[in-house]
Amino acid sequence: MVVINATANNNEILTNNKNEKIMKFELPKLPYATNALEPVISKQTIELHYGKHLQTYINNLNNLVVGTKFENADLETIVKESDGAIFNNAGQTLNHNIYFLSFSPNGGGEPKGKLAEAINAKWGSFENFKKELNTAGAGLFGSGWVWLAKDASGKLSIEKEPNAGNPVTKGLTPLLGFDVWEHAYYLDYQNRRADHLSEIWKIIDWNAVEGRY
Ligand code: MN
């Protein structure tokens with residue numbers, strides 16, 4: 001028998017028949033319809049990327065942590081302390097949870113307030129920051145992520161991470177991440193990664209990103 005006790009932070013705490021608690025990761029709910037980000041990201045890409053790729057990472061993670069020291073750990077702790085298959089699936093779960101909650105059909109424009117000030121302090125202008133992040137994403141060889149991250153003092157940086165990498169492993173806080181794995185853009189842009197990156201700014205939910213700063 002499995003009893004659902006609570007749902008918080010995208011985790012369900014389950015109890016097995018020996019009354020031991022089991023953390024179970026779940027798909028985050030999307031705050032938009034699967035076709036709402038078109039034409040920047042198609043319904044088909046969302047359905048595959050969110051519904052299949054992310055779901056598979058989550059299923060793999062739930063299966064892999066059973067019987068390990070990570071069985072009851074939160075996602076960020078697993079990403080910071082694991083390696084191998086557990087790291088890959090935990091990293092991709094964390095990465096995509098941030099990614100899919102960074103978009104809105106009413107997104108775009110520019111950040112405001114403290115985040116805007118920090119971007120201007122680091123890169124001179126929002127336009128220049130965009131250019132730098134796009135260049136980092138287009139120039140990352142193979143599969144990976146480019147991140148806007150902050151350190152403990154609020155200073156910003158652009159972090160290029162291969163494969164399942166996330167800036168939390170460097171003690172940084174991820175604010176915004178662009179997925180440059182081919183599965184993120186190939187159906188809509190084929191080999192034109194740079195075109196995908198230049199379009200994606202139109203759907204960024206800056207309220208969500210500012211909330212992480
Ligand atoms: Mn992806």
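**Figure 1. Overview of the predicted chain.** Of the 213 residues in the chain, 47% are buried, where buried means under 20% relative accessible area, exposed over 50% and partly exposed in between (1.4 Å probe, protein chains only). The model is predicted: local features need pLDDT of at least 70, side-chain atom pairs count only at pLDDT 80 or more, and totals for chains, interfaces and linings use all residues. Residues are numbered from 1 along each chain as its sequence is written, and side-chain values use heavy atoms, with hydrogens and water left out. The chain contains eight helices and six strands; helices (H or I, at least four residues) and strands (E, at least two) are DSSP runs, numbered from the N terminus. Read from the N terminus, the order of elements is β-β-β-α-α-α-α-α-β-β-β-α-α-α. Among contacts between residues at least 6 apart in sequence, 61% join residues at least 24 apart, a contact being heavy atoms within 4.5 Å.

**Figure 2. Crossing of helix 1 with helix 3.** The axes of helix 1 (residues 43–64) and helix 3 (residues 84–100) come within 9 Å and cross at roughly 140 degrees. Helix 1 is therefore oblique to helix 3. Axes are lines fitted to C-alpha atoms, for helices over the stretch in contact, and angles run from 0 to 180 degrees between N-to-C directions. Angles under 35 degrees count as roughly parallel, over 145 as roughly antiparallel, 65 to 115 as roughly perpendicular and the rest as oblique. The crossing of helix 1 past helix 3 is left-handed; a crossing has this hand if the near helix is turned anticlockwise from the far one by less than a right angle, and is right-handed if clockwise. From helix 1, Ile46, His49, Tyr50, Leu54, Thr56, Tyr57, Ile58, Asn60, Leu61 and Leu64 meet Ala85, Ile86, Asn89, Ala90, Gln92, Thr93, His96, Asn97, Tyr99 and Phe100 of helix 3. By class, this contact of helix 1 with helix 3 has 12 nonpolar, eight polar and no charged residues. Here Ala, Val, Leu, Ile, Met, Phe, Trp, Tyr, Cys and Pro count as nonpolar, Asp, Glu, Lys and Arg as charged, and the others, Gly among them, as polar.

**Figure 3. Crossing of helix 5 with helix 7.** Helix 5 (residues 126–139) and helix 7 (residues 193–200) have axes that come within 9 Å and cross at roughly 150 degrees. This angle makes helix 5 roughly antiparallel to helix 7. Helix 5 passes helix 7 in a right-handed crossing. Asn134, Gly137 and Ala138 of helix 5 make the contact with Arg193, Ala194, Leu197 and Ser198 of helix 7. The residues of this contact of helix 5 with helix 7 comprise three nonpolar, three polar and one charged.

Figure 4. Beyond its neighbours within four places in sequence, Asn95 is in contact with Trp145, Trp147, Ala164, Gly165 and Asn166. The side chain of Asn95 reaches the backbone oxygen of Ala164 at 3.0 Å. Although Asn95 and Asn166 are 71 residues apart along the chain, their C-alpha atoms are separated by 6.7 Å.

**Figure 5. Ser157 in strand 5 (residues 156–162).** With a relative accessible area of 17%, Ser157 is buried. The side chains of Ser157 and Glu159 are joined by a polar contact of 2.7 Å. A polar contact is a pair of N or O atoms within 3.5 Å; within protein, one must be able to donate a hydrogen and the other to accept it, and residues adjacent in sequence count only if both atoms are side-chain atoms. Leaving aside neighbours within four places in sequence, Ser157 is in contact with Trp123, Trp147, Leu148, Ala149 and Leu172.

**Figure 6. Two prolines in the loop between strand 3 and helix 1.** Pro28 lies in the loop between strand 3 (21–25) and helix 1 and counts as buried at 9% relative accessibility. Pro28 and Thr93 are 65 residues apart in sequence and 9.8 Å apart in space, C-alpha to C-alpha. Pro39 is also found in the loop between strand 3 and helix 1. The peptide bond from Glu38 to Pro39 is cis, with omega near 0 degrees.
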